[in-house]
Amino acid sequence: MDIRLELIPLIALIIGGLALFLYGITSISSELKVLADGDRFRRIISRATSNRVKSCAIGTGFTALIQSSGGTYALSIGLVKAGALEYKNAIAIVIGANLGTCITSFLISIPGISQFMPIVAFIAAFVMMVVHNRKAQQWSKIAFSLSLIFFGIWLMEFFIKNGVAKEQWFSDLMVFLNNYPWLGLLFGTAVTLVLQSCSAVIGVVQGVFAAAIVSGSPLTLFGILPIVIGSNIGAMIPSILSAFGGNAMGKRVALVNGFMKVTAGLLFMGLLYAVAPFLNSLSATEYTAKLQIALFHLIFNLTSVVIFLPLVRPMAWASEKIFPDKSGVGKKIGFKELDPKVIKTFPATGIALAKDLSDKMFGYVLTMFKKLDVYYKKGYNEDLKTYILELERATDNIDRHLADFLLNAETGDLSRRDLRRHGRIMRGIKDIERIGDYGQSLLTFYTNIYEKKNKFDEDQLKEINNAHKMALDLITKTLDVYENSDKSLALKVIKQRRDYNKKLDDYQEAYFKRTSSKKGETNNYISLIYVDILNSYERVYSHCANIAKLYNNDKDIDRYSKDDKTKFTNMSMRY
C-alpha cells in the first residue's frame with residue numbers, strides 16, 4: 001500500500017472528522033442519559049414491562065432515546081437486582097435495546113442534513129455561553145453533539161471521495177473486502193470493540209460506503225455488510241468482558257446477549273452468501289448507499305427480535321442454570337443488592353433505587369420493634385430472638401451497601417432535588433441503622449433479665465410498656481415521613497419526641513422517689529437494666545427526630561439542656 005505524501009493532510013482531516021463524530025456520539029449519549037435519568041423513567045420501565053412485547057418496546061424506545069445499548073443493559077440489570085423488574089423481562093429489554101441502536105444510522109441517511117449542522121452548532125454554542133438555565137444548557141449540549149455527529153461524517157465523506165478514494169490502494173482495499181467477507185466481519189467486530197460503539201462504527205461504514213460509491217469504487221453491499229454484522233457482534237463484547245468477576249446477573253445478561261448476537265451474525269453471513277449475486281448487482285447513489293446500510297442494520301436487529309423474543313423464557317432458564325446465584329442473599333431476611341453501574345450511568349435513577357431500599361431497611365426496623373413488643377411481654381423465645389437479630393443484621397448490611405452504592409454517584413450531573421435526596425438518604429440510613437442497634441440492645445436487656453431469672457416490678461413493666469408504645473408510634477410516623485417526605489408529619493414527630501422525652505423524665509423521677517423510699521430493698525441489677533432500657537428508648541426517639549429534621553425543623557422545639565440529658569446518666573451512675 002503506497003500512500004503519497006500529499007495525502008497525509010487529507011488522511012489527518014478524515015481522522016479529525018472521525019474524532020468529531022465519535023465525540024458527538026459519546027457526548028450526546030451522556031447528555032441524553034442525564035435527561036432520561038430519574039424516577040419517572042425508572043417507574044416507566046419497571047411498571048410497563050408486564051410482558052415480553054412491552055419490555056422489548058421499552059428497551060427499543062429507551063435505547064433510541066439515550067443512544068446507548070450498554071446504558072440500557074446496566075439499568076435493566078440494576079432494576080432486576082433491586083427487585084423492580086423480572087429477569088425474563090430484562091432479557092426482552094435487552095433484545096429491544098439492540099433494535100433501538102438503529103435510529104442513528106437512519107438520521108445519518110437523511111439527505112442534505114449535514115449542510116445545516118454548522119449553523120446548529122453555532123446556535124447551540126451561543127446558547128451554552130449566554131443562557132445559564134439548566135434545561136437550556138442540557139438541550140444545547142445535545143444539539144451541539146448532534147451537529148458534531150453530522151459534521152464529522154461530512155468531513156470523512158468529503159475527503160475520502162475527493163482524495164483517498166481516487167488512490168489505487170483504496171480501490172484494492174475495496175476489492176479485498178468483496179473477496180473476503182469473513183475478514184470484514186472480524187474487522188467490524190474488532191473496531192467496534194475498540195470504539196465501544198456500534199452506532200459509531202456503522203456511521204463510519206455509511207460514510208465510507210457512500211464515498212466509495214461516488215468515487216466509482218468496486219465495493220458492493222456483499223463486501224460492506226459483513227462489517228455491519230461484525231459491529232453488532234462487537235457491541236456485546238464489552239458487556240461480556242465486564243461480566244467476568246462480576247455478579248451472576250451481569251453474567252447471565254452478557255451470555256444471553258452474546259448468544260443472540262453471534263447466532264444472528266452467523267445466520268446473516270449465511271444469507272449474504274445466498275443472495276451474493278443480488279447484492280453485487282444493486283446500484284446505489286451517495287444517499288441511497290447510506291440508506292441501504294441503515295435498512296440492513298434495522299433488518300438484522302428486527303430479525304433478532306422476531307427469532308429470540310419467543311425464546312425469552314428458555315434463554316432465561318438456561319442462563320440461570322449456567323450462572324446460578326451463589327451469594328445466598330435473600331434466603332432468610334436479606335435484600336437484593338443494587339448495581340453500582342446504575343448509579344454511575346444514571347445517578348438520579350440509582351438514588352431512587354437507593355431510596356426504595358432504604359424504605360425497606362426502615363420497614364425492617366419497624367418490624368424489629370413490633371417483635372420486641374411480643375418478646376418482652378411473652379417472655380424468652382429463641383425463634384423470635386433469632387428473627388429479631390436477623391432483622392438487625394439485615395439493616396446493618398443494607399446500611400453498608402447503600403453507603404458504598406451512593407458514593408458511586410456522579411453528583412455533578414444531579415439536580416438540586418436529587419442532591420437533596422442523596423444527602424437525606426446518606427444521613428437517614430445512619431439514624432435508621434442506629435435505631436436498629438438500640439433495638440438489639442433492648443433485646444439483650446430483656447434476654448439478660450430472663451436468663452438471670454429477674455423480674456421488673458409492676459410499675460417498671462407499665463413504664464417500659466408505655467415507652468415501647470411511644471417508640472412504635474414514633475417509628476411508624478417517622479417511617480411515613482421518610483417514605484412520603486411529609487413535612488407536616490415531620491414537625492409532629494419532632495414535637496412528639498419532646499413530649500415523649502418528658503414522659504421518660506417523669507418515669508425516672510418517679511422511679512427515683514420509689515427507690516429512695518425503699519433503701520436496701522432495691523435490686524441494683526434490675527435498676528440498672530431499667531435505666532438503660534429507658535435510655536435506649538430516649539435515643540430511639542432522638543434518632544426518629546433526626547430523620548424528621550431532614551424534612552422539616554422547628555429550632556424552638558429542642559429545648560432540652562445538657563442537664564436534662566444527664567438525668568439518665570446520673571441514674572446509671574447511681575446504680
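Colleague: Why are helix 14 and helix 16 called oblique to each other?

Modeller: In this predicted model, the axes of helix 14 (residues 248–274) and helix 16 come within 10 Å and cross at roughly 120°. Roughly perpendicular covers 65 to 115 degrees and roughly antiparallel begins over 145, with the rest counted as oblique, and helix 14 and helix 16 are therefore oblique to each other. The handedness of the crossing between helix 14 and helix 16 is right-handed.

Colleague: Which residues make the contact of helix 14 and helix 16?

Modeller: Helix 14 contributes Phe259, Met260, Lys261, Thr263, Ala264, Gly265, Leu267, Phe268 and Leu272, while helix 16 contributes Phe296, Ile299, Phe300, Asn301, Thr303, Ser304, Ile307 and Phe308. Sorted by class, the contact of helix 14 with helix 16 holds eleven nonpolar, five polar and one charged residues.

Colleague: What makes helix 12 oblique to helix 16?

Modeller: The axes of helix 12 (residues 221–234) and helix 16 (residues 286–308) come within 10 Å, and they cross at roughly 45°. Roughly parallel is kept for angles under 35 degrees and roughly perpendicular for 65 to 115, so helix 12 is oblique to helix 16. Helix 12 passes helix 16 in a right-handed crossing.

Colleague: Which residues of helix 12 and helix 16 make that contact, and how many of them are nonpolar, polar or charged?

Modeller: On helix 12 the contact is made by Leu221, Ile224, Leu225, Val228, Ile229 and Asn232, and on helix 16 by Gln292, Ile293, Phe296, His297, Phe300 and Asn301. The class count for the contact of helix 12 with helix 16 is eight nonpolar, four polar and no charged residues.

Colleague: Why is Cys198 called buried, and where is its place?

Modeller: Cys198 lies in helix 11 (residues 198–214). Buried means under 20% relative accessible area, and Cys198 has a relative accessible area of 9%, so Cys198 is buried. Leaving aside residues up to four places away in sequence, Cys198 touches Thr192, Ser231, Asn232, Ala235 and His297. Of these, Asn232 of helix 12 and His297 of helix 16 also take part in the contact between those two helices. Cys198 and Cys102 are 96 residues apart in sequence, yet 9.4 Å apart in space from C-alpha to C-alpha.

Colleague: What makes Ser485 partly exposed, and where is its place?

Modeller: The relative accessibility of Ser485 is 39%, and partly exposed lies between the limit of under 20% for buried and that of over 50% for exposed, so Ser485 counts as partly exposed. Ser485 sits in the loop between helix 22 (458–484) and helix 23 (487–516). Although Ser485 is not a glycine, its phi is positive, at about 50°.

Colleague: How do you know that Thr515 is buried?

Modeller: Thr515, whose place is in helix 23, has a relative accessible area of 7%, and with the limit for buried set at under 20%, Thr515 is therefore buried. Thr515 and Ser527 are twelve residues apart in sequence and 9.0 Å apart in space, taken from C-alpha to C-alpha.

How values were computed:
Residues numbered from 1 in each chain as written. Predicted model: local features only at pLDDT ≥ 70, side-chain atom pairs only at ≥ 80, totals over all residues. Heavy atoms only, no water. Axes fitted to C-alpha atoms, helices over the stretch in contact; angles between N-to-C directions. Helix = DSSP H or I, 4+ residues; strand = E, 2+ residues; numbered from the N terminus. Left-handed = near helix turned anticlockwise from the far one by under 90°. Contact = heavy atoms within 4.5 Å. Nonpolar A, V, L, I, M, F, W, Y, C, P; charged D, E, K, R; others polar. Buried < 20%, exposed > 50% of the residue type's maximum accessible area, 1.4 Å probe, protein only.
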